[in-house]
Amino acid sequence: MIGIVSYGGYIPRLRLDRMSIVQNIGWLAPAIVMVAQGERSFCNWDEDSVTMAVAAARDCLSGTDKKKVDALYLASTTLPFADRLNAGIVATALNLREDILTADFTSSLKAGTSAMVAAMEAIKSGEKKQVLVTASDRREAKAASFYEMWFGDGAAAILLGDEDVIAEFRGAHSVSYDFVDHYRGTHERFDYTWEERWARDAGYTKIIPEAINGLLAKLAISMNEVDKVVYPCFFKREHASIAKAIGATPDKVVDNLHEACGETGAAHPLVMLVRALEEAQAGQRIIVAGFGQGCDALYFRVTENIRRLPPRIGIKGCLADEGKKTIDNYLKFLKSRDLIETETGIRAEAPSQTAMTVLWRKRKMILGLVGGRCKKCGTPQYPKMDICVNPACGAVGEQEDYEFADVPAKIKSFTGDMLAVSVDPPAIYGMVQFEGGGRLMADFTDCGLDDIRVGLPVKMSFRKHATDKERGFTGYFWKAVPLAGAAKEEKQEPEKAAMPELRFDGKVAIVTGAGGGLGRVYALELAQRGARVVVNDFGGARDGSGESSTRPADAVVEEIVAAGGTALANYDSVAAPDGGERIVQAALAQYGRVDILINNAGILRDKSFANLTPDMWQAVLAVHLQGAYNVTRPAFAAMKERGSGRIVMTTSAAGLFGNFGQSNYSAAKMGIVGLMNTLKLEGEKYNIKVNTVAPLATTRLTQDVLPPDFLDKLKPEFIAPVVLYFCSEACADSGLIVNAGGGFFSRAAMVSGPGLTLGDGQRAPTPEEIHQNWARIDSLQGAHEFPNANDALMAMLAPPSPIPNTQSADKETRASGQGDKETHANGQGDSVQAVFERMPGTFQADKAAGVDVVFQFRISGRGGDWYAVVKDKTCKVEAGVHPKPTTTLKMADEDFLKLTAGQLPAMQAYTSGKLKIEGDLMKSQLVTKLFKF
């Protein structure tokens with residue numbers, strides 16, 4: 001079977017209200033009011049047919065393996081280069097294989113469908129397995145013309161192949177005529193058009209029916225065996241007349257999208273086809289026709305595979321309200337299309353020649369946004385260099401290609417420049433930080449200053465960088481586009497604006513045991529915040545017995561989809577190794593990546609230890625502990641490959657502290673903590689954070705365990721916040737355990753007391769000496785938490801001096817749970833909180849004349865967020881995040897305490913990477929001047 005494997009679409013964000021054309025220039029051409037309904041799409045000033053083709057192709061390739069693409073055909077009548085392979089630019093931007101065929105199809109509005117026919121023939125012959133066809137047009141029209149009203153800009157892409165076909169190709173029929181209703185000569189900018197009546201009567205209404213009827217005859221079928229018909233015609237009355245000529249009822253004819261975006265030229269048949277596929281059901285039959293110096297007609301039958309196609313933006317997403325910006329500024333439209341000449345100043349006279357030698361050598365970096373990733377430590381960087389930028393690594397010659405185009409990114413810094421040359425001032429540019437590592441100084445596009453905030457998510461978009469009009473050369477590069485609606489929270493009240501919403505747009509999450517209880521809430525919350533979720537649930541009974549059921553997982557997926565989210569149901573058991581593999585493979589096959597894993601699946605088989613049978617023991621360990629291994633192992637491998645990931649384990653108070661009748665459950669839950677402790681170390685260099693939650697919530701596992709009066713207070717919704725925080729990029733910690741329930745959150749940790757050494761190292765101490773010194777051995781006063789087993793071992797081999805014998809005080813400390821509060825990472829006798837509480841007293845007011853600055857401290861571990869406001873020789877220090885810090889300083893708690901104790905020089909901390917500074921670097925030097933730690 002051959003046919004359509006995937007599809008994608010792109011309509012530019014900008015739309016022009018057609019009535020604004022009438023209002024501004026209708027005095028010159030009043031007749032254009034007849035077609036002034038709706039709005040037309042138009043390119044931003046940095047878009048053209050090539051950039052739109054790249055955007056549509058990226059959408060089409062989402063969730064597919066682009067390494068399988070054997071050819072790329074680009075169809076357009078408005079290509080920027082007459083003698084440079086435009087399809088080659090697109091292929092390089094997509095970072096496709098270099099051993100593929102690329103070709104431009106042009107000079108006719110049916111170039112898109114002709115490219116599809118050629119692709120089908122290549123696949124049918126066996127020469128090609130997959131061919132990507134992308135069609136794009138940015139058609140020019142003179143101001144105040146009907147064509148200015150009719151035209152629109154857009155692109156669509158169709159991936160054709162012989163595997164996982166969503167619409168089977170049944171046949172095609174073409175007719176070719178040198179019918180000239182319009183033409184554009186070489187070196188001419190605008191089409192020369194003949195009478196519209198000629199195009200209608202002799203063109204559309206005769207040639208399109210001839211091709212479609214010829215296809216029906218060729219396949220020996222009738223219009224009764226067709227469910228949808230796609231063909232372009234911007235004359236609305238004639239569009240309906242064609243349907244009558246081919247015997248199609250109005251319900252079968254796909255709308256020509258005049259009021260939504262306009263006629264997009266060579267792309268339009270494919271744009272309309274994508275729109276039809278977005279609504280298609282398995283079994284439907286579709287005919288698509290392209291018109292221009294003849295007509296191509298192709299017949300497809302939709303298959304069951306269309307249900308498994310990963311979600312994409314498509315034409316529907318671009319036409320949605322959140323995907324567009326409608327304007328009524330006709331002058332801005334004219335300027336964006338260079339239809340009016342304005343003063344740009346001498347700043348625009350900078351040299352714009354492109355060195356072809358450099359473009360060739362750096363083609364992957366410039367056109368494909370390909371950087372490097374260190375094979376030793378996994379650190380990504382842009383651009384790709386010989387030396388790893390990680391100061392802890394510094395490996396030479398270990399860089400592999402790493403694509404940044406689809407990596408989630410956030411705004412690190414920005415500025416709006418009113419003096420720089422820009423068609424859409426101010427020129428906005430700044431630093432973009434990629435998830436997992438790598439930064440880029442980039443221009444921002446498709447946005448205004450109100451859409452930009454530090455920390456907001458962005459996506460990368462292939463755009464025009466500069467146009468060398470003197471030499472006729474267009475240069476391309478990547479720009480950052482803020483995600484639609486990402487800045488909305490900034491318009492809320494100030495306290496909410498200071499806390500940007502944690503979003504998961506573009507992320508893929510797996511939640512096991514998500515058919516109810518905690519897992520269901522996790523899945524719903526992740527989907528609501530933009531994640532694509534794999535909802536896994538075996539569907540068995542609470543004790544794991546009984547047959548599997550698809551209903552729990554399906555019900556949660558239905559909830560997510562009904563709320564506008566994206567989800568996939570999976571029914572495999574985590575208890576089996578192949579079940580864990582299939583869960584992860586389902587995510588990779590559907591969405592192409594795994595970013596988040598929440599190990600939540602569980603069962604209970606409670607019984608006192610004396611009555612616990614081997615099958616009860618094994619069943620609980622198989623789901624909880626073995627299940628965590630079975631799913632985490634393949635997920636960890638996928639995250640390691642991407643260089644980023646978040647894993648959340650689920651333990652229990654029964655595991656941390658014990659619970660009568662739950663020895664199997666307790667052992668499994670404590671085993672999970674051990675698994676986390678090692679994974680946090682192995683995942684560190686790949687930016688994989690692994691944390692654990694110990695929930696106390698009302699679920700089907702606890703509904704008859706907890707007292708009735710507690711049930712209402714312990715809803716799963718109270719657990720989800722900390723789990724989602726662990727899943728987010730905002731969480732920089734790894735290896736933490738957090739108790740959660742009823743809105744209460746606290747950290748749990750394994751700590752070791754200071755202890756003491758008995759004997760002289762030559763003889764073993766006696767049991768009597770243990771008994772005599774038990775109070776000191778048993779003491780947790782000054783207890784210490786170790787990051788790994790090696791540090792714990794070294795502490796045992798080189799222990800501190802014995803502490804005074806304070807047995808009674810030790811017992812009180814353990815009873816009150818205050819031991820951990822006295823933990824001091826560097827032995828300075830200070831906690832991070834104590835440093836900040838004393839900080840106002842160390843302020844040197846006499847050195848703060850004229851200083852107006854806000855220092856934000858982000859201390860990981862047991863530090864937290866603190867900020868100091870210095871103004872008018874005063875200082876205020878508070879816990880939390882300031883909405884507008886001047887300088888942000890980031891450190892680990894141990895390093896911060898060493899720095900403030902004078903054991904770690906500030907410059908050494910900065911050059912070694914232990915101190916990271918964001919914002920105004922120069923102002924950070926004032927910290928040591930203004931405060932005498």
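Which residue in β21 is the bridge partner of Ala409? The partner is Val458. This is a predicted model: local features need pLDDT of at least 70, side-chain atom pairs count only at pLDDT 80 or more, and totals for chains, interfaces and linings use all residues. Residues are numbered from 1 along each chain as its sequence is written, and side-chain values use heavy atoms, leaving out hydrogens and water. Helices (H or I, at least four residues) and strands (E, at least two) are DSSP runs, numbered from the N terminus.

**The five-stranded sheet**

- Strands of a sheet pair through backbone hydrogen bonds, either parallel or antiparallel.
- Here five strands form an open sheet in the order β20-β19-β18-β21-β22, with antiparallel pairing. Two strands count as paired if DSSP finds at least two bridges between them.
- β20 (439–443) and β22 (473–482) are the edge strands, each pairing on one side only.
- From one strand to the next, the twist averages 25°.
- Two bridges link β18 (residues 409–417) to β21 (residues 457–468) in the antiparallel sense.
- Helix α2 lies across β21 and β22 and runs at about 155° to β21. Axes are lines fitted to C-alpha atoms, for helices over the stretch in contact, and angles run from 0 to 180 degrees between N-to-C directions.

**Nonpolar cores**

- The largest nonpolar core has 56 residues, and Leu132 and Leu369 have the most contacts inside it. Such a core is a set of buried Ala, Val, Leu, Ile, Met, Phe, Trp, Tyr and Cys residues joined through side-chain atoms within 4.5 Å.
- Buried means under 20% relative accessible area, exposed over 50%, and partly exposed in between (1.4 Å probe, protein chains only).
- Helix α2 (residues 49–61) gives this core its largest share, eight residues.
- A second, separate core of 50 residues includes Leu16, Phe42, Val175 and Ile208.
- Leaving aside neighbours within four places in sequence, the contacts of Leu369 include Tyr382, Tyr402, Phe404, Phe434, Leu440, Met460, Phe477 and Trp478. Contact means heavy atoms within 4.5 Å.

**Helix packing around α17**

- Two packed helices are described by the angle between their axes and the distance between the axes.
- The axes of α17 (residues 614–642) and α19 (residues 663–682) come within 8 Å and cross at roughly 20°. α17 and α19 are therefore roughly parallel to each other. Angles under 35 degrees count as roughly parallel, over 145 as roughly antiparallel, 65 to 115 as roughly perpendicular and the rest as oblique.
- α17 passes α19 in a right-handed crossing. A crossing is right-handed if the near helix is turned clockwise from the far one by less than a right angle, and left-handed if anticlockwise.
- Among the α17 residues in this contact are Trp617, Leu621, Leu625 and Tyr629; among those of α19 are Tyr665, Ile672, Leu675 and Leu679.
- The axes of α16 (residues 577–591) and α17 come within 7 Å and cross at roughly 35°. This crossing of α16 and α17 is right-handed.
- The α16 side of that contact includes Pro577, Ile583, Val584 and Leu588, and the α17 side includes Asn630, Val631, Pro634 and Ala638.

**Strand β28**

- Eight of the eight residues of β28 (residues 688–695) are buried, so the strand is largely enclosed by the rest of the structure.
- In a regular strand the side chains alternate between the two faces of the sheet.
- Both faces of β28 are covered: Ile688, Val690, Thr692 and Ala694 are buried on one side, and Lys689, Asn691, Val693 and Pro695 on the other.
- β27 (residues 645–650) and β28 run parallel, joined by six bridges. Gly645 stands opposite Ile688.
- Four bridges pair β28 with β29 (residues 737–741), also in the parallel sense. Pro695 has Ala740 of β29 as its bridge partner.

**Backbone exceptions**

- Most residues other than glycine have a negative phi, and most peptide bonds are trans.
- A cis peptide bond joins Tyr382 and Pro383, with omega about 0°. Pro383 sits in the loop between β16 (380–381) and β17 (399–403).
- The bond from Pro425 to Pro426 is also cis, with omega near 0°.
- His187 is not a glycine, yet has a positive phi of about 75°. His187 is exposed, with a relative accessible area of 80%.
- Gln293 is not a glycine and has a positive phi of about 50°. Gln293 is partly exposed, at 21% relative accessible area.
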